[in-house]
Amino acid sequence: MNPKQNLDAPDEFSDRRGHLIGAAAELGIDHMLICDPLNLYYLTGAKLTPYERFIGLIMNPESGDSFLILPRLERGCKSDPTLKIQYYKDDQDPYRLVVSLLGSGHKLGIEKAYLPLSRVENIMAAKGVCEGDLLGDFTDIGELVAELRLIKKPMEIERHDETACCSDAILKQVAPKIELGKTEKQIAAQIMLAMSEMDQVSSEELVALVQAGSNTAHPHGVASDYVIQEGDPVLIDFGVCRAGYWSDCTRTFFVGNPPAKLEEIYRIVLKANQAAIAAVKPGIPLAEIDRAAREVIVDAGYGEYFIHRTGHGLGLSVHEAPSVHANNQNLVQEGMIFTVEPGIYIPGLGGVRIEDDVVVESEAAKVLNRYPKNFEKMVLEA
Ligand code: MN
């Protein structure tokens, strides 16, 4: 199967569109234009990398009609067979097609965080209206789609579970190759090779962050030419995108015995990771999960070195709702999937992060990653 196409549940797509149309109708929206490729995939099954070309899904709550607008070169792309598709040629103006399909209503739902102003202007130009006429009628529907994507159905949870198993297998394969004298980039290449050898993993989405030594003190650094030294922490953070669904996992290894302070930090971060996972249950604010992790780190005296939120949602995107941070009072709901990834980063010394993916079940969290995380298992032979 082409990893970009996951059409084993076509009813799912029309159900999702139906939910969105219902929510939009309640807001008095006349029609919707969806352009974010991941939202398009979620709603139609069409997985596309449009580059600069226009792609869009038009939905009309009143008639119930949905049209997918695609460049003609995407003719082979699979999507929900019940959808009507309109193709345009490279020398045609897709925005005229958009306007011709929008119908007569004025209140247009768009994804404000995604649709660039230049495209809004193109739509307005095709409609032949001045700015004031149309701008006031734009309503943001990005949040409506995000809310739909927030709660995962059993089929999606199964996909995430499979993807997390892939990340376990990759760690198992790569851990023995983390050795003295290797560079961060060489380890990253090993991870990407292991990923690319798995079925249904898209070659477009190979991402691996590997940092060693004091570089581990920068949570968002990239793999460099740094050569691993004895006692170094080696932080590996990678996502696997399989059949469209992401896992995101971090483990911090040590090549030989680390300095005592790094061992101490490792044990604190592990305790924070476990405390946050234990705190997860439906009905509590997401902030409580962040608090559970942060409390452990603050009590140990390292609060100022935990410089990011505790986690983020996962799905068709590696970062999506919900955000697990100290001010998010939204409630944890069954079917959410998010990461739990506390860390401590000490400039000049190094950092530790331990990241797991969890799914919220009726009473508690189920952890999807199974790769060990106890300190002893992370110390590799030098
Ligand atoms: Mn993450």
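## The largest pocket

Helix 6 contributes 7 residues to the lining of the largest pocket, the most of any element. Keep in mind as you look that this is a predicted model. Helix 2 and strand 11 (320-324) join helix 6 in supplying at least two lining residues each.

How much space lies in the largest pocket? The volume comes to about 550 Å³. The lining is made of 27 residues, and G142, E143, A146, E147 and A321 are the closest to the centre of the pocket. By class, the lining of this pocket has 11 nonpolar, 8 polar and 8 charged residues.

## The second largest pocket

Now turn to the second largest pocket, with a volume of about 450 Å³. Here 23 residues form the lining, and those closest to the centre are H220, D237, D248, H312 and H319.

Which strand gives the most to the lining of the second largest pocket? That is strand 8, with 3 residues. Sorted by class, the lining holds 8 nonpolar, 8 polar and 7 charged residues.

## Helix 2 meets helix 6

For helix 2 (residues 37-44) and helix 6 (residues 142-150), the axes come within 11 Å and cross at roughly 60°. The two helices are therefore oblique to each other, and their crossing is left-handed.

Which residues make the contact between helix 2 and helix 6? On the helix 2 side they are L38, N39 and Y42, and they meet V145, L148 and R149 of helix 6. This contact has 4 nonpolar, 1 polar and 1 charged residues.

## Helix 7 meets helix 8

Another pair to find is helix 7 (residues 154-174) and helix 8 (residues 184-196), whose axes come within 10 Å and cross at roughly 135°. That angle makes helix 7 oblique to helix 8. Is this crossing left-handed or right-handed? The crossing of helix 7 and helix 8 is right-handed.

In the contact, I170, Q173 and V174 from helix 7 touch I187, Q190, I191, A194 and M195 from helix 8.

Technical notes:
Residues numbered from 1 in each chain as written. Predicted model: local features only at pLDDT ≥ 70, side-chain atom pairs only at ≥ 80, totals over all residues. Heavy atoms only, no water. Axes fitted to C-alpha atoms, helices over the stretch in contact; angles between N-to-C directions. Helix = DSSP H or I, 4+ residues; strand = E, 2+ residues; numbered from the N terminus. Parallel < 35°, antiparallel > 145°, perpendicular 65-115°, else oblique. Left-handed = near helix turned anticlockwise from the far one by under 90°. Contact = heavy atoms within 4.5 Å. Nonpolar A, V, L, I, M, F, W, Y, C, P; charged D, E, K, R; others polar. 1 Å grid on protein atoms, 1.4 Å probe; cavity = no way out; pocket = protein on both sides within 12 Å on 5 of 7 lines; lining within 4 Å. Points joined across faces, edges and corners; volume = space filled by probe spheres on them.
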